[in-house]
Amino acid sequence: MLTQETIDLIKSTVPVLEVHGKEITTTFYQMMFDNHPELLNIFNHANQREGKQPTALANAVYAAAAHIDHLEDILPVVKQIGHKHRALNILPEHYPIVGENLLAAIQKVLGDAATPAILDAWAQAYSVIADAFIGVEAEMYREAEAAPGGWRGFRSFVVDRKIKESAVITSFYLKPQDGGAISEYLPGQYITVRVKPDDQNYTHIRHYSLSAAPGGDCYRISVKREGSVEGKSEGVVSTYLHDRINEGDILEISAPAGSFTLDMEKTMPLVLISGGVGLTPMVSMLETVLKEQPERKVTFIHAAVNGEVHAMKEHIKQLDASHPQLKSYVCYEKPAAGDVCDKTGFIDLSWLRETASLESDFYFCGPLPFMRAVHQALNDWGVPAERIHYEFFGPADTL
Ligand SMILES: Cc1cc2nc3c(=O)[nH]c(=O)nc-3n(C[C@H](O)[C@H](O)[C@H](O)COP(=O)(O)OP(=O)(O)OC[C@H]3O[C@@H](n4cnc5c(N)ncnc54)[C@H](O)[C@@H]3O)c2cc1C
Ligand code: HEM
């Protein structure tokens, strides 16, 4: 139990740490990887480089510290992070490593301002926060293992089929190598792939949304080859999957996770909006809702650069043709010669108003600028926050 004095000290120093937030977490990661290079097998190196992960962790620690005497208020956030941690196989023994290095980084960055009393209060706060995460994650590990067809940690899957969906997106159909059952998932959830390419010193772990409705005998993920069109440097895992992983090869997978899921308690119209590879959870949701809630009106809006990189075009067209409750729209940023679409350029509010009803439940996913634009449009339209749901294909960010 924390004393009131400790709680007050923590709360009063949160703003001080927030000012130095990025510096502290960047220092923390440098120290932690120097002391524990084996953790480079778990952390995404690109997210470290871009500072996304240090920022996400800093924000989470400060948010938790600000709620230290009523952590239950931030339980949904703890659960969302817990899903990612469970999928990455983060274990209780990892927590003291983070704690020690975080404290050392606070001390280093704040210098004399970090009095022994402050450091002691933060050590206690970290321990309370870590226990909350460990508890939530322990339950998630239990659930993932106890589910029919479930498992703990990573399990080997065989690539049953590899299907090209567009110039940049390829689907992988995965079946357990042990021939056993697979656990169910909710539309919108992801599985997590761990690979060790020969030319890499460490294992690399990435999340991929399941791109088909649950209920089949395999998992399907659809992966964009990162860096293939924009002239950016190539992504480690997506490039490896595209170029080196073929039918018959083995991938290590952790059980489905994630709290971005379709709410089928609701019956109001559903609007699914995706940009680029952000269509993967939307296709899973679409297939599910058409099957499970045939009365429900659905609008499916997909934005892509052009027809060449537009994945699952025929599949959605066929669903549209065979389901009167579904209306699907395509928006191309820069259509190529011969491309047919409903809108060119970017999705905007005036076009959204024409295609969807305000009284809907909205889900979206795509690149960050796309998500910011869609979120802004929905806010401007007056859609209440509880009807706006989204997933980031990277560390959670602000929109
Ligand atoms: C919940 C969730 C669901 C997801 N679902 C999907 C999905 O369904 N399909 C999908 O394709 N992806 C999905 N992702 C994204 C996926 O997890 C990976 O992030 C993605 O495949 C890129 O991984 P990578 O290893 O190929 O790239 P990384 O090596 O992680 O690189 C990431 C980015 O940084 C750039 N980069 C790499 N090196 C450098 C450098 N030196 N300097 C500057 N930039 C660099 C790369 O070009 C790339 O764009 C999802 C992510 C999350 C969190
Ligand atoms: C109380 C302590 C912790 C907090 C508050 C915390 C918070 C976070 C947050 C906010 C994210 C980003 C989630 C997202 O993607 O949206 C994250 C991801 C992650 N966390 Fe933690 N975390 C904690 C402990 C740990 C520990 C002990 C480890 C393992 C050593 C760990 C490893 C990771 C990894 C590997 C990711 C994914 C990062 C990436 O690869 O980009 N975390 N954590």
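Modeller: Before we start, a word on charges: Lys and Arg count as positive and Asp and Glu as negative, while His and the chain ends are not counted. Each charge is placed at NZ of Lys, CZ of Arg, CG of Asp or CD of Glu. This is a predicted model, in which local features need pLDDT of at least 70 and side-chain atom pairs count only at pLDDT 80 or more, whereas totals for chains, interfaces and linings use all residues. Residues are numbered from 1 along each chain as its sequence is written, and side-chain values use heavy atoms, leaving out hydrogens and water.

Colleague: Thanks! How far apart are the mean positions of the positive and negative charges?

Modeller: They lie 6 Å apart, for 35 positive and 52 negative charges.

Colleague: And which protein donor does the iron atom of ligand 2 have?

Modeller: Donors are N, O and S atoms within 2.8 Å of the metal (3.2 Å for Na, K and Ca); water is not among the atoms, so sites may look incomplete. Here the only protein donor is His-85, through NE2 at 2.1 Å.

Colleague: Where is His-85 found?

Modeller: Helices (H or I, at least four residues) and strands (E, at least two) are DSSP runs, numbered from the N terminus. His-85 belongs to helix H5, residues 75-88.

Colleague: Is Ser-183 buried or exposed?

Modeller: Buried means under 20% relative accessible area, exposed over 50%, partly exposed in between (1.4 Å probe, protein chains only). Ser-183 is buried because its value is 5%, and its place is the loop between strands S2 (169-176) and S3 (190-195). Beyond four places in sequence, its contacts (heavy atoms within 4.5 Å) include Trp-151, Tyr-219 and Pro-256.

Definitions and conventions. Chains are lettered from A and ligands numbered from 1 in the order in which they are written.
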